[in-house]
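Dear colleague,

Please find the structure below, handed over for your records.

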Amino acid sequence: MSQDLSDQISLEPSQSWLRGAHTPGIVLGSGVLSFAFLVGWWIAFADSLDGIGILLSFLFVGGPALGLAWGGYRLERSDIDANRYGRILKWYLGSGAIFLAINLVTIVFSPWHNLAGNISWAHFSLNAGAVGGFVVGYVEASAIQREVEVTADTVRAEQLEDERALLMYLNDLLRHEVLNSSQIIGGHASLLREQYEDERLRDRLETIEGESDDLVGVIEDVRAMLDANRGAETGSVDLTAVLEAQLAECRAQFDDVVLEATLPDAVAVRGNQGLQWIFSNLLENAIEHNDGDAPRVRVTVDAAPETVRVTIADNGPGISEATRESLFERKSTNHGLGLYLSQILANRYDGTVGLTNTGPDGSVFVVTLPRASSPADAPESNYGDPDSS
C-alpha cells in the first residue's frame, strides 16, 4: 500500500470526527452515560440522600441527560444534512465545557457543604450547558437547512420556468416551421404525382409523400409530449369532451368503421391537453389493425369515486403473444411513438394504460386516470381548434 493511500485512510476517522458525522450517536450515548452516572451517584451516596434530594437530582440532572439522549435520537431522524452535524457538535461540546468551567470556579471558591452536592452541581452544570449548546446548534442547523431548501426550491422553480419556455418555443417551432414545411412538401409531391404519368417518377413522388406523412406523424407525437409537459402541474379536464372529439375525428377519417360509445354527460380527470393523444393512439391502433369485414370499436367510461376507467374494445383479430411483449415499447424500426406515447402520457397523469384481453374475437385496452374534483374545474374545451392539436 502506498504512503499516500495509507495517509488517506488514517485521516478518514479524524476527518469524520471533524465533520461531526457521529454527532447523533455521541449526543445520544453521552445522555445515556450521564443518566447512568446519576444512578451511580444515587447508589454511592444513598446514605446521605433523602427523597427530596433524589427527586431534585432526577429533575435537574436526570432530565437533561434523558433530553440529550432524545436529542441525539431525534437528530439522526431529522432532515438536517449530515454535513451540518459538525457545527451542532461544536455547540454541544463547547457550551457544556464552558458552563462546567464557570461553575467549577464557583464550586472551588464557594463549595457545597458535602461532596455529593458538589458532584451533583458539576454534573448539572455539564448537562445544562450541553443541552443549551445542542438546542442552539440544532435550531441554527435547522434554520440553515430551511434556507438552503428555500434557495434550492427557488432555483428549481427558475429552472422549470426556463424549461417550460424552451418547451413552448420548441412546440411553436415544430408547429409553424417544421410541420408546415413537411405538409407543403407532401402536398406538392401529391400534386406532381397527379400531373405525371411516368410510373418511376410517380413512385418516387409517392415515396416523398409517404415519408412526409410519416414525418408529420412524428412531429405530432413529439408535440403531444411537449404539450403534456408544458406545465409543472396538470389541471382538470372533461374526459367526455376529449373522447367525443377523438371519436368525431375517427368517424371523419374512417367512415367504414362502426364507433360506439357509452359516455357520461361529463366527468373530470386530472390532466391537460395531452390526454387527447392517449385516446387518439389507442383508437387508431384499434381501427388500423382491424382487417375484418365490419370493423367495430366500442368505448365505455366507468367513473368511480377516485378514478375513471376507459375501456376501448374492438372486434379485430387479436394481438399475437410475441407482439404483446413489446406492445408499449418504443419501436426502433418506426419513429412513430404510438402506444409507447400513450403509456408515457398516462404515467404523466398518474394513470395507467394496458391490454387486459386479446384473442380472435378482439382486444380490450383499459385506461385508468385519477378523477378530478368536478367537471366545472375543467378548462374550456378547445379540441376543435386546429392549433390545439
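Which residues do ring pairs link into a cluster? The cluster consists of Phe35, Trp42 and Phe58. Please note that the model is a predicted one.

A search of the whole structure gives six aromatic pairs. One of them joins Phe35 and Phe58 in an edge-to-face arrangement, with 6.2 Å from centre to centre and 85 degrees between the planes. This pair connects distant parts of the chain, as Phe35 belongs to helix H2 (residues 23–44) and Phe58 to helix H3 (residues 51–76), 23 residues apart. Phe35 is partly exposed, at a relative accessible area of 21%, and Phe58 is partly exposed at 34%.

A further aromatic pair, Phe134 with Tyr138, is tilted, with the centres 5.9 Å apart and the planes at 35 degrees. Both residues lie in helix H5 (residues 115–195), four residues apart, or about one turn of the helix. Phe134 is buried, with a relative accessible area of 8%, and Tyr138 is buried at 18%.

Turning to helix H10 (residues 338–348), its buried residues are Leu339, Leu341, Ser342, Leu345 and Ala346. They lie on the same side of H10, because they cover an arc of only 150 degrees around the axis. After H10 comes Asp350, which has a positive phi, near 60 degrees.

Finally, Thr240 is part of helix H7 (residues 239–253). Thr240 counts as buried because its relative accessibility is 2%, where the cut-off is under 20%. Leaving aside residues up to four places away in sequence, Thr240 touches Leu263, Pro264, Asp265, Ala266 and Val267.

Yours sincerely

Definitions and conventions:
Residues numbered from 1 in each chain as written. Predicted model: local features only at pLDDT ≥ 70, side-chain atom pairs only at ≥ 80, totals over all residues. Heavy atoms only, no water. Helix = DSSP H or I, 4+ residues; strand = E, 2+ residues; numbered from the N terminus. Buried < 20%, exposed > 50% of the residue type's maximum accessible area, 1.4 Å probe, protein only. Contact = heavy atoms within 4.5 Å. Arc of directions from axis to C-beta. Phe/Tyr/Trp six-rings, centres within 6.5 Å; stacked < 30°, edge-to-face > 60°.
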